[in-house]
Amino acid sequence: MKQLIILISFLYLLSCSSKQSNPFDLVISNVNLIDGTGAPIQHSVSIGIFEGKIIAIEPELQTDGFNHIDGTDKFLIPGLFDCHVHTGDFERDFPRFVHYGVTSVFVTGGSLCTNEYYASMRKQGNQDSIPAPLVFHTSQHFTMEGRHPSKTYSSSNWRNGESIFYLTDTLQIERLVHDVAQYPIVGIKLTIEDGPSPPFVERIPQKFIEKTVKEASKYDLEVFAHVSDNTELEMAIKGGAQNLVHFTGVNIEPQDGPQMELLQEFIQRDPYWVTTLMIDKSFLYPLYPEWFESESMLRSYQESVNDLDSSLVDRARRYVQTLMDEYGLSDDSLEAFMLPQVEDIQFLNMMGFKMVLGTDTGNDFNFPGYSLHEEMQLLNMGGLEPLDIIKMGTLNAAKMMNAQDSLGSIEIGKLANLILLDKNP
Ligand SMILES: [Zn+2]
């Protein structure tokens with residue numbers, strides 16, 4: 001997908017009235033269409049756009065008198081989503097997302113994510129003058145003091161009641177959910193996990209999960225849970241959580257075991273499950289710099305590595321051990337780490353789970369936009385079909401955001417949020 005050549009985002013264009021009499025503001029003709037629904041590629045299609053929306057998809061459209069892009073030998077896909085994003089500097093990061101064709105992001109909390117910070121991100125995302133993705137986000141993290149993520153990623157920016165909520169008892173959850181529901185959030189971010197690598201912290205008690213799910217449902221909100229192993233997966237499902245913002249760390253067990261019953265229970269909720277394979281790759285870059293694909297990235301890594309705190313290498317060593325134990329690996333190649341996870345993701349996809357692309361960008365060596373391409377490559381390396389991968393980053397993602405009426409696929413009536421590629425992805 002690195003062959004991205006032109007990014008077209010007509011969301012806020014074309015509001016002037018002088019062209020009202022014309023049927024189209026723009027025609028993209030004779031293009032190869034990958035519509036994001038998982039349907040096979042359609043060749044030689046023309047797309048008519050009016051006032052920022054797709055109003056025609058035909059074998060041929062008249063182009064005379066309209067703005068026109070000749071799509072011959074090019075490929076049109078919907079704008080991509082990264083559905084697990086953190087950023088400490090959105091003015092720097094947002095243009096990077098757009099450069100890589102990521103036109104929507106789902107921000108799942110962070111130490112700076114006060115209501116004001118979220119509002120600034122949304123405002124930037126809605127502007128047409130600065131390249132920025134559309135911004136969707138959760139509430140601030142619901143967690144407890146001394147747990148993940150404020151203990152495991154300690155920073156003075158975590159401020160209880162502003163960028164994070166430390167739960168102390170279940171009674172308090174009613175008021176907290178009421179408060180966050182006043183903001184345009186997609187759902188509640190609930191951190192169940194014990195941290196990414198040893199030393200682990202304590203997990204949130206089960207009754208807090210159940211109470212958060214119950215209170216959220218009063219406002220028609222779903223819970224987006226943070227899990228990093230099978231114990232937490234079970235806690236999330238038993239607690240009623242509707243979505244999972246990580247896959248990494250979960251290990252799908254043989255199909256005759258008790259986990260299958262749990263998954264059958266979970267799928268009844270029509271949940272969304274974010275892939276985040278890039279957590280592993282990015283955490284391990286300090287140990288395996290040869291995994292950087294381009295010379296320029298390797299060089300900038302080597303330049304920065306001198307200043308790096310050796311704790312990143314230590315963390316990578318601990319993390320690698322956790323992964324090797326978890327998956328019973330004897331080999332430490334990238335394929336060895338990824339293949340069992342992609343196999344699991346493929347299995348869940350076949351079961352009918354809606355898998356969604358997300359990277360956890362904002363962590364070290366997990367780069368805005370670029371790493372979504374890495375995420376797609378890892379899934380493809382593990383055998384997932386490109387059309388399925390694209391659907392996970394477009395239509396599935398838009399559905400998770402409840403934005404499928406306007407985004408996520410190239411269909412009549414939706415926003416013309418499109419990417420034109422010069423090679424077949
Ligand atoms: Zn995250």
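Here's a term for the first stop: a crossing of two helices is left-handed if the near helix is turned anticlockwise from the far one by less than a right angle, and right-handed if clockwise. Before we start, this is a predicted model, where local features need pLDDT of at least 70 and side-chain atom pairs count only at pLDDT 80 or more, while totals for chains, interfaces and linings use all residues. Residues are numbered from 1 along each chain as its sequence is written, and side-chain values use heavy atoms, leaving out hydrogens and water.

**Stop 1: two helices**

Select residues 206-217, helix α4, and residues 230-239, helix α5. (Helices are DSSP runs of H or I, at least four residues, and strands are runs of E, at least two, numbered from the N terminus.) Their axes come within 8 Å and cross at roughly 40 degrees. The axes are lines fitted to C-alpha atoms, for helices over the stretch in contact, and angles run from 0 to 180 degrees between N-to-C directions. That makes α4 oblique to α5; under 35 degrees counts as roughly parallel, over 145 as roughly antiparallel, 65 to 115 as roughly perpendicular and the rest as oblique. The crossing of α4 past α5 is right-handed.

Now show Gln206, Ile209, Glu210 and Val213 of α4 with Met235, Lys238 and Gly239 of α5: they make the contact (heavy atoms within 4.5 Å).

**Stop 2: the zinc ion**

Which residues coordinate the zinc ion? Pick His84 (NE2), His86 (NE2) and Asp360 (OD), at 2.0 to 2.2 Å. Donors here are N, O and S atoms within 2.8 Å of the metal (3.2 Å for Na, K and Ca); water is not among the atoms, so sites may look incomplete. Along the chain the donors follow the spacing H-x1-H-x273-D. His86 is in the loop between β7 (80-85) and α1 (90-99), and Asp360 in the loop between β16 (354-356) and α11 (370-381), so this pair ties together parts 274 residues apart in sequence.

Buried or exposed? His86 counts as buried at 16% relative accessibility, and Asp360 is buried too, at 7%. (Buried is under 20% relative accessible area, exposed over 50%, partly exposed in between, with a 1.4 Å probe and protein chains only.)

**Stop 3: a loop residue**

Jump to Asp405, in the loop between α13 (395-400) and β17 (417-421). At 69% relative accessibility, Asp405 counts as exposed. Not counting residues up to four places away in sequence, Asp405 touches Gly413 and Lys414.
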